[in-house]
Amino acid sequence: MVVFGFGAVTVIGTVLLMLPAAAESRTATGAVTALFTAVSAVCVTGLVVVDTESHWSMFGELVILGLIQVGGLGIMTLASLLGLLVARRMGLRMQLIAQSETKTLRLGESRRVVVGVIRMSLLVEAVTAVALTLRFLIGYDETGWRGVYLGVFHAISAYNNAGFALYEDSLVGYATDPWIIAPITVALVIGGLGFPVVFEVTRSLRRQSGASMPRRWSLHTRITLITYFLLGVIGIVAVIAFEWSNPDTLGPLNTAHKFLVGGFHGLSPRTAGFNSLDVGAMHSSTLLINDILMFVGGGSAGTAGGIKVTTFALLAFVIIAEVRGEPTVHVMGRRLAAPVQRQAVTVALLGIGAVVSGTITLLTITGMDLDVVLFEVVSAFGTVGLSTGITADIPNPGLIVLIVLMFVGRLGPITLATALALRERRRRYELPEERPIVG
């Protein structure tokens, strides 16, 4: 039903974008272009084959904005509700443990989840829109309506990690303006962490003192926050270090602006999709770091894509336990169940398979260099939207490949993890054990 729902919204969006009224030229847009844009918006990716502002009319831009909002709210709500569905299928003992541990998604609270997601989303978007609107009106002399429209559009796009911008060069024109970059960064981080984490943290801030909060957070929240922070630091340090003297990126900027722009680009690959530098001019080492960050993505039940930071962290914990020779995996005072470990491995390896097969297919179709093709594929699968500038040059068969990757990358990890959890069953007997050689 999740896949069908997103597919139906995509079809409606495609039909609306094909209407002559959706284009500035008042001529019908091609089916592949309309489909690509609709999927990119619904899956909150941000990859585009035509410039958003110059090609689409006001009606077309509003359709895109509506698809972004529906896609962002839908993915957060459905992912949270699927978590409830998995919790309900547990045994009584596990239900009680889940209820006491998570404190965010108690059983039978479907309505509260939906209302919470909508309320949090509208609040963050409204605050971000106000901040951006004031800056556009005061700092850039935009007219009243134009300033409000720019503020609202980019606020919704930022919170939903969509990466759509009403400028041909995304946010390059505002790269050194902290009053534009900071609100967008805060919005994309909040959206990327996921509703369960944000809900639990804000409730803790309201009810408890700072000293006792981390101990009372659920394991999911602690893993998400720590991993998200560490990967964010790695991304920021890597971009600043590798691009510091690059004359086509950070080189011409002063020290303060290098840290501002580098910090934004260290966080943007976590599926935000905005760029304030020419991504195509970055060094290959920077692109590879971005590939890794885009593949991992952000938090579960959020607007970010990728395999999710929790999946990545669980794999790291499994490796650490194996290196230490421990029979079970312990994390922050809790033992990880074996099915959870298998689910993390399955999601990660199938994600790698999707990226590898997509890259090989696109290399065959386009004949472009591996660096830029891999970046484009990972960006599509991770629903990021960053590009080295090759999207518009990819032929229609290649665009279809990217469309499939965006759809699979947006819904695949969520539906796959849920299906694996719900299909869990007990064996009534075990076969004789044998250990093949590893390594």
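Here are our questions and answers.

Modeller: Happy to! This is a predicted model, where local features need pLDDT of at least 70, side-chain atom pairs count only at pLDDT 80 or more, and totals for chains, interfaces and linings use all residues. Residues are numbered from 1 along each chain as its sequence is written, and side-chain values use heavy atoms, leaving out hydrogens and water.

Biologist: How many helices are there in the protein?

Modeller: Helices (H or I, at least four residues) and strands (E, at least two) are DSSP runs, numbered from the N terminus. Two strands are present, and the helices number 17.

Biologist: What share of the residues of the protein count as buried?

Modeller: Buried means under 20% relative accessible area, exposed over 50%, and partly exposed in between (1.4 Å probe, protein chains only). Of the 439 residues, the buried share is 51%.

Biologist: Which helices do the buried residues of helix 12 pack against?

Modeller: Those buried residues include Val261, Phe264 and Leu267. Contact means heavy atoms within 4.5 Å. The packing partners are helix 8 (178–193), helix 11 (219–243) and helix 13 (284–296).

Biologist: Is methionine 332 buried or partly exposed?

Modeller: Methionine 332 lies in the loop between strand 1 (330–331) and strand 2 (334–335). Its relative accessible area is 34%, so methionine 332 is partly exposed.
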